[in-house]
Amino acid sequence: MKQTLITTLILAALCGGAWAQPKVNGSAPTREKRGYNQRVAIDTAHVRVLYALNAKDIKDESTYLDLGKLEVGKQVWKYSSEFVYSSDLKVTEWVREKGYKGNVPKTAFIRGEKSDKWSELVYSDYTIRGKQLEEQACFPLWAERENSSYTEPWPLMQWTLANEQLSILGHRCQKATCRFRGRDFVAWFAADVPIKGGPWKFGGLPGLILKVSDVQNIYVWEAVAIEHGTYPIMQYPDKLYPKSTRKSVWQRQKKYNEDYRNAIGWTSLEGRPMPPKVRFEPLEKE
Amino acid sequence: MHRLIITAMLAFAAIAASAQTVIEGTVADAQGKHVEAYVSVAPKGTGNILVFADTDAKGHYRLEFTTEADSVTVSASGLAIGSHTKQVANRSQRLDFCVKEQAMQLKEVTVRAQKIRQNGDTLSYLVGAYQQQGDRVIGDVLKHMPGIEVADNGGIKYNGKTIKKFYVEEMDLLQGRYGLATNNINASDVATVQVLEHHQPVKMLQDKELSDDVAINLKLKNSAKGTVAINTMLGGGAQQAGGWHIGKRPLTDSQAAIGQSPLWTAEVVGMYFAKRRQNMTLYKGNNTGDDVSKELTQHYSSVNSVSLYPFCPTGALMPNGSGLPQKRTFDNHSQILTMNHLEKPNKDTELGLNIAYYNDRIRREGSSVGDQFVSDDSRLLASEAMTSETKLNNLNIQGRYNRNAPNGFVANVLKVDTHWNSDRVDGLLASERTGTDPANYGNNRVRQHFDRPQLSVSNTFNTIRNIGKNTFDLHFSAGYAHRPNTLTVGVDSLLQGTSTAYTQDVNSHHIAASFNTSYAIRVGQRFRFSYGVSATANLHGIVTDLDGFTPPAEHAQLSNDLWYNTYCVALAQTYKYETPNFYIGLGLPLELYTQTLDDKIRNDQHGYTHLLFFPSLSANWSISRDLWLNAGANYSKTVGDPGGIYSGYIMSNYRAFQRSYVEQLRPRNAMVSVRFKLL
């Protein structure tokens with residue numbers, strides 16, 4: 001009796017833990033529909049901050065879900081995925097060398113842990129111009145027709161500053177908390193770096209955000225590098241991402257995350273039942 | 001009891017209320033303009049920010065906070081201004097910041113085990129994002145793109161490196177005259193500007209040779225492709241002008257205005273860019289002082305053709321220029337007419353024809369006056385006034401065949417260059433002494449006419465083939481140039497009443513041929529050895545005749561008729577070791593060099609043969625992205641040239657007559673150099 005109780009408790013704990021992970025659902029999209037080789041430079045950045053998303057071991061990038069980069073230019077700031085960008089560069093070079101007109105394997109050259117999966121945090125580009133944020137959202141395989149973009153005012157979070165401090169990347173960071181679209185977040189920002197931005201849509205703090213996560217640690221961004229150099233800020237062409245609204249994009253992203261196969265209209269030829277809906281924890285709950 | 005608690009709470013509230021501090025003010029730069037910034041406040045010591053606020057449109061901010069500390073640190077920070085801090089007492093006050101722009105100082109840190117490298121080498125700039133008000137042609141927008149610099153003469157550099165190729169839609173129509181593209185293609189027709197780093201134009205060598213060259217490619221909008229676009233521009237005006245003609249105009253009259261009227265400027269530009277054919281034809285002319293020939297400057301040449309330099313040490317003396325901008329002092333009548341056509345019958349083959357004609361008539365005037373005080377009561381006055389008219393007619397035709405395939409490269413370029421130019425100069429020189437003992441030293445009128453046509457033709461052939469893993473390169477270039485020039489000078493001395501005339505004829509030919517082959521062997525990824533045989537021949541035929549000059553010595557020669565030839569056969573070997581960061585190369589060429597001189601007037605024939613060895617060593621090490629180390633050493637000798645071998649007098653200009661003859665042609669100097677550069 002006692003044994004079964006303990007086993008059940010352990011199993012429940014494990015399942016509970018498993019449920020707390022966001023299941024990256026859906027397959028990675030085809031790069032041609034994303035416009036991988038049609039990016040153009042819209043500004044030049046001299047500072048770039050790299051963030052590891054959901055890293056199991058901060059020193060080993062093959063355990064990251066994504067390596068994102070925040071590029072700080074004069075008029076434009078942008079957060080996007082460096083794994084996706086560098087794999088695009090490699091594919092462009094590979095195609096040019098081999099003169100290959102066929103298909104390059106979809107997940108060739110993409111690094112990170114779940115490289116064959118789609119997540120809106122990996123495949124969306126967030127461009128900030130002044131007080132407006134534009135998201136160019138790319139949807140997973142077979143759903144690329146849904147690719148769209150929208151703009152919303154930025155920054156949106158109302159932060160409360162706290163007194164605790166933490167050292168990240170050699171900078172002394174102060175803690176700040178906020179509640180944003182149904183989730184509570186904790187951020188650590190470096191006041192000695194006068195950039196009011198951070199990963200994803202985070203920003204508005206008097207310093208660069210070096211670590212931010214939700215209180216349940218489902219989504220954790222941590223800065224792994226601050227680099228100098230000349231980085232052209234590249235953007236996908238507008239015609240591949242027609243204008244839409246945030247609500248519409250958010251609902252569709254939720255749909256593809258929760259029940260990918262139903263959403264793309266997949267049916268089993270052998271009459272097998274659909275896999276159950278996944279318990280998905282979206283970053284924006286509303 | 002309750003009352004005690006309430007009083008205590010009220011007391012606390014009172015203390016809390018009185019402890020709230022308000023600091024407000026403005027953040028502005030030295031000119032009083034507002035700056036984008038945010039202001040934050042932290043108690044002195046802990047550094048934990050209490051509150052922060054953005055500055056509004058007027059640069060005003062307001063902070064309200066409560067703290068126990070006696071003093072606080074208030075910081076105004078922003079991307080463009082960095083961080084400015086002030087320490088103040090913890091009480092309500094007004095605090096203004098006057099800041100200036102400064103670059104952000106950030107340490108570069110990384111925690112990951114490896115760094116990501118950028119390995120794409122094509123960078124695209126969206127023209128729409130960089131275009132500003134007033135930009136009409138693509139050359140104006142290129143100036144705004146970071147990394148790209150456009151010099152005054154139209155030359156383009158990327159990150160300090162001169163570009164080696166300029167393409168429009170991946171085709172090189174203009175063959176180095178890219179000023180025609182940057183000054184005439186509308187900015188609204190170009191979609192993106194691509195910068196191609198590590199560019200290797202020869203498809204065969206793309207995986208074999210690491211190239212450090214940079215190229216630019218313009219990608220046009222679909223609306224600009226496949227259509228014939230014609231732009232025209234006409235302008236006119238008038239200015240105060242005077243009569244101007246050598247010989248008729250009174251030279252001592254400095255009141256009459258010179259210049260031309262009416263003024264005119266005209267342009268007709270036609271362009272066609274399609275997938276298999278490109279054409280750019282244009283005509284530009286003006287007499288308003290614009291030097292249109294600048295657009296025809298050839299910034300790079302597609303082949304190494306043999307250089308032709310027919311010998312002519314004679315020239316007319318021209319009036320000096322002023323230091324003012326050329327557009328204000330250039331009295332011209334310039335026209336250019338150019339036609340550039342490119343056909344691409346299939347993916348790898350190209351046929352090109354480039355014709356450029358430049359016609360100009362340039363007038364110049366210069367004068368100088370010298371006034372010297374010889375003693376208390378006498379002065380020496382010397383004056384020189386010159387007017388000149390230069391007529392230029394340059395025609396340049398280049399025909400090209402290219403086959404650039406992954407399995408072989410063939411190129412053949414035929415160039416024809418003709419000039420028929422002349423200078424006509426009219427000068428008045430006077431010199432006299434005034435004062436107690438006046439004397440007139442001379443009052444001479446000098447008329448010069450220098451007729452200087454020239455013709456050169458050259459053909460260059462180049463092929464690169466693969467033999468297994470190694471490459472074989474063959475290059476052959478031959479050319480002929482002819483320069484029959486005549487300088488006629490007439491000097492009228494008004495004082496002595498005499499007139500002298502000199503005529504110098506120089507008729508020179510230059511035949512040059514150069515042949516070289518090289519065979520490059522790759523051993524592994526890093527070693528490259530190349531061996532080659534090369535042969536060059538330079539034949540100079542010089543016939544000169546001088547009339548009207550009385551030489552100082554008797555029986556001195558006034559004409560020349562000689563052939564001065566040099567022949568060289570060389571065996572070259574180079575050894576290279578190359579990694580992406582390090583390069584070292586050793587060259588050990590061995591040359592057999594022969595010079596012959598055949599002087600038909602003195603019936604003199606000489607020949608000299610030398611065996612020359614010129615070793616050289618160079619190394620280049622990229623320590624990091626911004627630090628290079630460069631070192632080299634070489635040994636070379638120079639041997640005589642035709643300037644030292646003519647024994648008959650040649651008039652260089654009306655003031656100098658010279659001859660020179662060196663008894664024996666021998667190596668003049670040897671040089672050893674070692675260089676070291678840390679960038």
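**Notebook: chains A and B, a predicted model**

**Entry 1, the interface.** I began with the contact between the two chains and counted one salt bridge between chain B and chain A. I keep in mind that this is a predicted model. The bridge pairs B:D54 with A:K196, and I find 2.4 Å between the closest N and O atoms. I then looked for polar contacts across the interface of chain B and chain A, and the rule gave me six residue pairs, both partners at pLDDT 80 or more.

Which elements of chain B give two or more residues to the side that touches chain A? I listed β2 (38-43), β3 (51-54), β5 (71-78), β9 (109-110), β10 (122-126) and α2 (127-130). Of these, β10(B) gives the most, with five residues. Sorting that side of chain B by class, I got 18 nonpolar, 15 polar and seven charged residues.

Next I looked up the extent of the interface. I see 40 residues of chain B in contact with 50 residues of chain A. The two chains bury about 3800 Å² between them, and 55% of that is on carbon and sulfur atoms.

I picked one within chain A to follow: A:E227 with A:R48, where the closest N and O atoms are 2.9 Å apart. What does this pair tie together? I placed A:E227 in strand β11 (residues 220-235) and A:R48 in strand β1 (residues 40-53), so the bridge ties together parts of chain A that are 179 residues apart in sequence.

I checked the peptide bond that joins A:W154 and A:P155 and found it cis, with omega at about -5°. I traced A:P155 to the loop between β6 (148-153) and β7 (160-168). Then I turned to A:L169, which has a positive phi near 55° although the residue is not glycine. I find A:L169 in the loop between β7 and β8 (171-180) of chain A.

Last, I went over the surface of chain B and noted a nonpolar patch formed by B:V533, B:V569, B:L571, B:L590, B:L592, B:L611 and B:F613. Together these residues have about 630 Å² of accessible area. Which strands supply at least two residues each? I wrote down β28 (559-578), β30 (590-599) and β31 (604-613) of chain B. I also looked up B:L571 by itself, and its place is in strand β28.

Note on methods. Residues are numbered from 1 along each chain as its sequence is written. Chains are lettered from A and ligands numbered from 1 in the order in which they are written. This is a predicted model: local features need pLDDT of at least 70, side-chain atom pairs count only at pLDDT 80 or more; totals for chains, interfaces and linings use all residues. Side-chain values use heavy atoms; hydrogens and water are left out. Patches are made of residues with over 30% relative accessible area and no salt bridge: like charges are joined within 9 Å, nonpolar side chains (Val, Leu, Ile, Met, Phe, Trp, Tyr) within 5 Å. Accessible areas come from the Shrake-Rupley method with a 1.4 Å probe; for residues, only the protein chains shown count as cover. A salt bridge is a side-chain nitrogen of Lys or Arg within 4 Å of a carboxyl oxygen of Asp or Glu. Helices (H or I, at least four residues) and strands (E, at least two) are DSSP runs, numbered from the N terminus. Contact means heavy atoms within 4.5 Å. Buried area is the accessible area (1.4 Å probe) that two parts lose on being put together, summed over both. A polar contact is a pair of N or O atoms within 3.5 Å; within protein, one must be able to donate a hydrogen and the other to accept it, and residues adjacent in sequence count only if both atoms are side-chain atoms. Ala, Val, Leu, Ile, Met, Phe, Trp, Tyr, Cys and Pro count as nonpolar, Asp, Glu, Lys and Arg as charged, and the others, Gly among them, as polar.
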